Amino acid sequence: MLRISTCLVAVLLVAGSLHSASAQTSEAKPSKMKLTMAKLKEMKAKWAMNRPKLKVCRIEAKKQGLSGDDRWFFIADCMEKN
């Protein structure tokens, strides 16, 4: 009887931790998407004012073979220099 109740408690603890972990990840994704889109729009608005520098930064990112978020962060850092 003690063995059965111990196993039952262990199963419930594992199931509860899995449920809370999956709930946290599903909640984090939409908010991160909204922040990312807002941040990208903000970056593009700043960069539109200095097109020659943006062109140079894009060429540098392409030379390094960056893609996705890495490319955006590289261009953001490049635009902030000087």
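A helix, as the word is used here, is a DSSP run of H or I that spans at least four residues, and helices are numbered from the N terminus. By that definition Val-56 lies in helix H2. The structure is a predicted model, and its secondary structure comes to 3 helices and 0 strands, which follow the pattern α-α-α when read along the sequence.

**Overall surface and burial**

- Of the 82 residues in the protein, buried residues make up 15%.
- The protein exposes about 7200 Å², and carbon and sulfur atoms supply 64% of that area.

**Packing of H2 against H3**

- Two packed helices are described by the angle between their axes together with the distance between those axes.
- Helix H2, covering residues 51–64, packs with helix H3, covering residues 68–80, at an angle of about 135 degrees, and the two axes are 9 Å apart.
- That angle makes H2 oblique to H3, because angles over 145 degrees would be needed for a roughly antiparallel pair and 65 to 115 degrees for a roughly perpendicular one.
- The crossing in which H2 passes H3 is right-handed.
- On the H2 side the contact is made by Lys-53, Leu-54, Cys-57, Arg-58, Glu-60, Ala-61 and Gln-64, which meet Arg-71, Phe-74, Ile-75, Cys-78 and Met-79 on the H3 side.

- Although Val-56 and Met-79 are 23 residues apart along the chain, their C-alpha atoms are separated by 9.3 Å.

**Arg-58 in H2**

- Arg-58 is likewise found in helix H2, and at 44% relative accessibility this residue also counts as partly exposed.
- When residues up to four places away in sequence are not counted, Arg-58 touches Arg-71 and Ile-75, and both of these partners are among the H3 residues that meet H2.
- Arg-58 and Cys-78, which are 20 residues apart in sequence, lie 9.1 Å apart in space, taken from C-alpha to C-alpha.

Definitions and conventions:
Residues are numbered from 1 along each chain as its sequence is written. This is a predicted model: local features need pLDDT of at least 70, side-chain atom pairs count only at pLDDT 80 or more; totals for chains, interfaces and linings use all residues. Side-chain values use heavy atoms; hydrogens and water are left out. Helices (H or I, at least four residues) and strands (E, at least two) are DSSP runs, numbered from the N terminus. Buried means under 20% relative accessible area, exposed over 50%, partly exposed in between (1.4 Å probe, protein chains only). Accessible areas come from the Shrake-Rupley method with a 1.4 Å probe; for residues, only the protein chains shown count as cover. Axes are lines fitted to C-alpha atoms, for helices over the stretch in contact, and angles run from 0 to 180 degrees between N-to-C directions. Angles under 35 degrees count as roughly parallel, over 145 as roughly antiparallel, 65 to 115 as roughly perpendicular and the rest as oblique. A crossing is left-handed if the near helix is turned anticlockwise from the far one by less than a right angle, and right-handed if clockwise. Contact means heavy atoms within 4.5 Å.
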